[in-house]
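Subject: Structure for your review

Dear colleague,

Please find below the structure that I am handing over to you.

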Amino acid sequence: MVTIPRLVIAAPASGSGKTTVATGLMAAFAERGLAVSPHKVGPDYIDPGYHSLATGRAGRNLDAYMCGPELVAPLFAHGARGCDLAIVEGVMGLYDGASGEGELASTAHVAKLLQAPVVLVVDASSQSRSVAALVHGFASWDPEVRISGVILNKVGSDRHELLLREALDESGVPVMGVLRRAEQVATPSRHLGLVPVAERRGDAVAAVAAMAAQVRSGCDLDALMALARSAPRTPAASGAWDPVEAVRQAGGGRDADGEGGPRRRRPVVAVAGGPAFTFSYAEHSELLAAAGADVVTFDPLRDETLPEGTRGLVIGGGFPEVYAPELSANEPLRKAVADLAAAGAPLAAECAGLLYLSRSLDGLPMCGVLDADGRMSKRLTLGYREAVALTDSPLAAVGTRLRGHEFHRTVLEPGAGASPAWGMHLPERRVEGFVQQGVHASYLHTHWASAPGVARRFVDRVEV
């Protein structure tokens, strides 16, 4: 088992500056020539885009609720393989986890699963000596969580910094960075959080560069690297997660590499990308490839045809409501998607993909695969879900149980078809989604690493 130097960047609460610090550290260490592996606790899709921009590697999620605690360390080791350093950005406050589930899926939980030192980012803008009580409380709450450093954010002046440092001298937790207020590192937000990198790449590059510059000037990078190197051996008893092995253990799939039988032609599975469809987990494409598919990405805002030879289609989450006019205007692609669905090809759609397959979104024509209409809503639907498959589909057999996540400000009417995709158990019992012919469409985001048989089943349904 190898040792991967690693840090978890946490905070007492949301809005403290975790993303700025974590992304800035990733970029600053990458500028030193280190291979940096970026990770994010929880289901968030947007922050990993900034992490990827900072490091040049896929941003990966570590979600103990959706994937189970037992997969956190193996997925971490998979993403960090061959890297010099791994940085894990936390979610919400350090000890905030899945509602009603104790520490499950919290940053503290993941830090313990990884046996990683924690650096606490504290918004110090409205306090001085009280910062010591705050840090002491967080450091002593759970002895298994190793809070090993503090980065003070939004510090107003030299005098303010002095007061904070004097107070923290008594806490026993060293100050490893002090960041002043800096508007240039701010990233714009809207109804679901930060604006994704794919929608503002030029500005995002500049923002990441500003984060790196701020972290370089305000943080002790050598001390942080030494702290990362103090982490013990990576705690993945079974080794790093491997998509090929995961598919094999799930029951086969197509022969992807020719071993054990004659090589088969790999069917093309198209995966939607571009600014309108930015929500996806890297492991999904890896599992599809491991199951024997040739995975090709396309952009529904730009491409008027599906990739040549497409036999299956995956449309993940994103912001179709922001790009509804452009998506609607691309009639040739809408027709191609509808024709593929009518032919019975397997289509898997989550959230944004569900809306794209609907009849209309905010009054604008979409693909018309589903007899349902979507619209923006003032209500944010957010949270983890427990679900059971109610209808056989290209993704799951009846009775399959998965954990997932909802995250949207849209409403689809009706919310379920004659053959619903899922029966939900949290926060209330309800049916949701659509299964018809080869289509599985739902608001529920899932992480296929928790159930690699999903990818195997999907690719097995694809006709070569």
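**Findings**

Tyr384 is buried, at a relative accessible area of 17% (buried means under 20% relative accessible area, exposed over 50%, and partly exposed in between, with a 1.4 Å probe and protein chains only). Please note that this is a predicted model, in which local features need pLDDT of at least 70 and side-chain atom pairs count only at pLDDT 80 or more, while totals for chains, interfaces and linings use all residues. Residues are numbered from 1 along each chain as its sequence is written, and side-chain values use heavy atoms, with hydrogens and water left out.

Tyr384 lies in strand E16 (residues 373-389); helices (H or I, at least four residues) and strands (E, at least two) are DSSP runs, numbered from the N terminus. Beyond its neighbours within four places in sequence, Tyr384 has contacts (heavy atoms within 4.5 Å) that include Gly42, Asp63, Ala105, His405 and Leu426. Between Tyr384 and Ala276 there are 108 residues of sequence separation, and their C-alpha atoms are 23 Å apart in space.

Ala105, one of the contacts of Tyr384, is found in the loop between strand E4 (85-89) and helix H4 (107-114). Ala105 counts as buried because its relative accessibility is 4%. The phi of Ala105 is positive, near 70°, although the residue is not a glycine.

**Other backbone features**

Gln115 is likewise not a glycine and has a positive phi of about 50°. The position of Gln115 is in the loop between H4 and strand E5 (118-123), and with a relative accessible area of 41% this residue is partly exposed. A cis peptide bond, with omega about -5°, links Glu413 to Pro414. Pro414 belongs to the loop between E17 and strand E18 (422-424). For context, most residues other than glycine have a negative phi, and most peptide bonds are trans.

**Cavities**

A search of the whole structure returned two cavities of 30 Å³ or more. On a 1 Å grid over the protein atoms alone, a cavity is a set of points where a 1.4 Å probe fits but cannot get out, and lining residues have an atom within 4 Å of a point. Grid points are joined across faces, edges and corners, and a volume is the space filled by probe spheres set on the points.

The largest cavity has a volume of about 80 Å³. Among the residues that line it are Ala348, Leu395, Trp422, His440 and Trp448. Strand E13 (residues 347-350) provides the largest share of this lining, three residues. By type, the lining of the largest cavity holds nine nonpolar residues, two polar and one charged (Ala, Val, Leu, Ile, Met, Phe, Trp, Tyr, Cys and Pro count as nonpolar, Asp, Glu, Lys and Arg as charged, and the others, Gly among them, as polar).

The second largest cavity contains about 50 Å³ of space. Ten residues line it, and the closest to its centre are Gly318, Glu321, Cys351, Phe407 and His408. Strand E17 (residues 401-413) gives the most to this lining, with three residues.

**The protein as a whole**

The protein has 14 helices and 22 strands. Of its 464 residues, 58% count as buried. The C-alpha atoms fill a box of roughly 70 × 50 × 40 Å along the principal axes.

Yours sincerely

Technical notes. On a 1 Å grid over the protein atoms alone, a cavity is a set of points where a 1.4 Å probe fits but cannot get out, and a pocket is an open set with protein on both sides within 12 Å along at least five of seven lines; lining residues have an atom within 4 Å of a point.
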